Structure formats: structure tokens, C-alpha cells
Amino acid sequence: MTKKTAYAHSGVDIEAGDRAVELMKKHILTTTREEVLGGFGGFAGLFDISRFMSYRHPVLATSTDGVGTKVSIAQAMDIHDTVGIDLVGMLVDDVVVTGAEPLFLTDYIACGSVVPETIEQIVKGVARGCVEAGVALIGGETAEHPGLLDPDEYDLAGATTGVVEKDKILGSHLVCDGDRLVCVASSGLHSNGFSLVRHVLLTQARWSLDRHVDDLGSTLGEELLTPTRIYAKSCLDVAGSCEIHAMSHITGGGLANNVARVLPENLGGFIDRSTWAPQPIFTLIQSLGGVSQPDIEETLNMGVGMVMICPESSVNTTLNIFSIYGIPAWDGGQVTSRNPDQPQIELIGEHR
């Protein structure tokens, strides 16, 4: 028995991995930037940073994340070209809230068995997200784990790096009493809270993914696989056009908790629920699961994917730029002084 066939006998198919690489290559090449050096398939991705020598004090920003249990929906539906977009959104928008421009990204796919066509579809989604965010996909790894994962199972994670001038870093140190909280719409659930989502819709309600839901205007599965909205380019455009003090990417933990992360201890604020109506998927989960308002708001984004914190003089410019990008946004609340015993962010009013 040769070494190759011995490895294949143990469950790792080198030839399938090589074919997956060939299939994904055309997608990866669509993400290239002029700073990317070297060809495809090296041991490490190379990125020329000489362009940033003009920076007075460049600072790197980095983020690592995954897609979470949303991948189980993709696997159940055998649709794999959207979860890669989710991965990019989770990564680049954690970096952009610092004011940094995301530059490049690497991904990691762990699977029970390499199915080249499935891997290609996953990477196709990652590449689409990278193009939308303006980042280069410069490296990755596909790891086959027979015995650890079932043949049709996979997990998806990645990392990204960006750069920002030190004196242009956004954050709590800039936030002022009276700043406005501009809410930017999510595309739906994004990629957080899917343990709750799956429990309510698939386990408790026993709904099938191919069930058409009139309120959603689609099947349940199609709604759940709606890709995460990527805000990187629009947020950078806003930050370059007017005064922005901080941004909050609304991910795990919900709206109030994530906004609180970018406020100084002495300041709080409120967001008025009456300024928007969450998409029907949120109401559906809450009603079918009997989920309390506090519980759902601490788990899901409730229709808000990003919050821009800025002085009132920047609100109109911020709203106009998001409108140009086709992304709904609205003035949803305000930063205020707070007592130590008060929550930093309160959600007030009732949704429309």
C-alpha cells in the first residue's frame, strides 16, 4: 500500500483537495488588490504595505471570527455559496468600527470530507464578500477531519487585517454627551443567535426549511440563509466625509450590549424602538418561541446591523451616504449622561 493510498484509506483525499483548489482559484482571483504579491497557492499570503509608508502613524487592526451554527442551515439545504459572505461580514465590520480599512482576509474550512464542488461554493461566497468589502483573499486552509466531523459537515472561520492612522482611531474616547445614534439596517438575522433561531423554528415549531412563509415572502430556509450585510465601504465613506466618533457592529449580544461596548463609563444613552420596524423574521421567532422582549433583544440584532455615533451636525451626511449605498439608516437615539446604577443603553418605546 502506497503512502498516498494509506492516507486516503484513513479518510483524507489529497486528490479531492487538489481539485477543490483548482475550482476555487477563479473566485479567489476576483478579490485581488494591487498590494497582493506572489502567485496563488503559496505557503503564506504576501501583502505589500509600502503604500502605508505615507501614514504618519499606521496602526493595524485585526479580527478573527466564524459563521457559527448558521452553517448547519446551509448544509441542510445543500446551499453553500452564501455563508462565505457571512464570514466576511463578521470579520471586516468588526475591523471597520475602529476606523480601519480592511485590507486582506484568510479563511479556514474544516470538513469531514472534501467535496470539491462544495468547497468551491463556500469559497465563491467568501470571494463575493471580499469583493463587496474591497479586501483581498490572500490565503486559506481546507482541512479534512474524518471521524471528527461527519462527511457532509464543515465549519468556517477566518481572520482579517486592516490599517488606520493612530489619530483617526474611532472609539469611546471620542464619544460625547449629546451625540446621536444613527441606526443602520441589517439584512436580517445576519450570523448570530442561530442556536436560538434553530431551536425555536426547527425544534419547537417543527417547521421545515422548505416551508413557504407568506410573511417572509420566501421559504424559511431562504430567509435564514440571507447573507449578512457588509458595511465596510459605506462606513469608511461616512467616516471620511463627516465627523464620526464611534461605530458599533451589532453581533452576538444584541443592540444595547454592543452599543454599550463603545461608550465611556460616564455616558449612556437610549435607542427609540418606534423609529423602525424589525423584519418579520424577528417577530416570527419571538411569537413562535414565546421569547421575551429582553431575551430576543439580547440575542438578535432586531433589524439593526450597525450604529454610527456622531455629533448632530453629521447626521444628515451620514444618512445621505447610506442612502447612496442603498442601505436604510435613521436617527434612532442619543448619547446622554448616566448614573452608575443605570444601564448604559436603554431601548425605549415600541416598534412600529
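Which residue forms a salt bridge with Glu-101? In this predicted model, the partner is Arg-51. The legends below start with the whole chain and then move to close-up views.

**Figure 1. The whole protein chain.**
The secondary structure comes to twelve helices and 14 strands. The radius of gyration is 21 Å, close to the 20 Å that the globule rule gives for 352 residues, so the chain is as compact as a globular protein of that length. Its C-alpha atoms fill a box of roughly 75 × 55 × 35 Å along the principal axes. Of the 352 residues, 49% count as buried. Now take contacts between residues at least 6 apart in sequence: 85% of these join residues at least 24 apart.

**Figure 2. The salt bridge between Glu-101 and Arg-51.**
The closest N and O atoms of this pair are 3.5 Å apart. Glu-101 lies in strand S4, and Arg-51 lies in the loop between S2 and strand S3 (58–66), so the bridge ties together parts that are 50 residues apart in sequence. Glu-101 is partly exposed, at 22% relative accessibility. Arg-51 is also partly exposed, with a relative accessible area of 35%.

**Figure 3. The salt bridge between Glu-165 and Arg-56.**
Here the side chains meet at 3.7 Å, N to O. Glu-165 lies in strand S6 (residues 154–165) and Arg-56 in the loop between S2 and S3, so this pair ties together parts that are 109 residues apart in sequence. How exposed or buried are the two partners? Glu-165 counts as buried, because its relative accessibility is 10% and the cut-off for buried is under 20%. Arg-56 is exposed, because its relative accessible area is 59% and the cut-off for exposed is over 50%. Elsewhere, salt bridges that share partners join Arg-33, Glu-35, Arg-51 and Glu-101 into one network.

**Figure 4. A salt bridge within helix H2.**
The structure holds twelve salt bridges. One of them joins Glu-22 and Lys-25, with the closest N and O atoms 3.5 Å apart. Why are these two residues about one helical turn apart? They are three residues apart in helix H2 (residues 14–29), and that spacing separates them by about one helical turn. Lys-25 is partly exposed, at 27% relative accessibility. As a general point, side chains of opposite charge can pair when their charged atoms come close.

The structure holds three aromatic pairs. One of them is formed by Phe-47 and Phe-104. The pair is tilted: the centres are 5.0 Å apart, and the planes make 45 degrees. Phe-47 is in strand S2 (residues 46–47) and Phe-104 is in strand S4 (residues 101–111). The pair thus links distant parts of the chain, 57 residues apart. Both Phe-47 and Phe-104 are buried.

**Figure 5. The nonpolar cores.**
The largest nonpolar core has 50 residues. Which of them touch the most other members? They are Ile-119, Leu-189, Leu-201, Leu-224, Ile-281 and Ile-285. Look closely at Ile-285. Leaving aside neighbours within four places in sequence, Ile-285 is in contact with Leu-189, Val-197, Val-200, Leu-201, Gly-290, Val-291, Ile-296 and Leu-300. A second, separate core has 21 residues, including Val-259, Ile-271, Trp-276 and Val-307. In soluble globular proteins, nonpolar side chains tend to be buried together.

**Figure 6. Two loop residues with positive phi.**
Most residues other than glycine have a negative phi. Asp-78 is not a glycine, yet its phi is positive, about 55 degrees. Asp-78 is placed in the loop between helix H3 (70–77) and helix H4 (83–96). At 58% relative accessibility, Asp-78 counts as exposed. His-190 also has a positive phi, near 60 degrees. His-190 is placed in the loop between strand S7 (180–185) and helix H6 (194–204). Is His-190 buried or exposed? His-190 is buried, with a relative accessible area of 1%.

Technical notes: Residues numbered from 1 in each chain as written. Predicted model: local features only at pLDDT ≥ 70, side-chain atom pairs only at ≥ 80, totals over all residues. Heavy atoms only, no water. Phe/Tyr/Trp six-rings, centres within 6.5 Å; stacked < 30°, edge-to-face > 60°. Helix = DSSP H or I, 4+ residues; strand = E, 2+ residues; numbered from the N terminus. Buried < 20%, exposed > 50% of the residue type's maximum accessible area, 1.4 Å probe, protein only. Core = buried A, V, L, I, M, F, W, Y, C linked by side-chain atoms within 4.5 Å. Contact = heavy atoms within 4.5 Å. Salt bridge = Lys/Arg side-chain N within 4 Å of Asp/Glu carboxyl O. Rg over C-alpha atoms; globule rule 2.2 N^0.38 Å.
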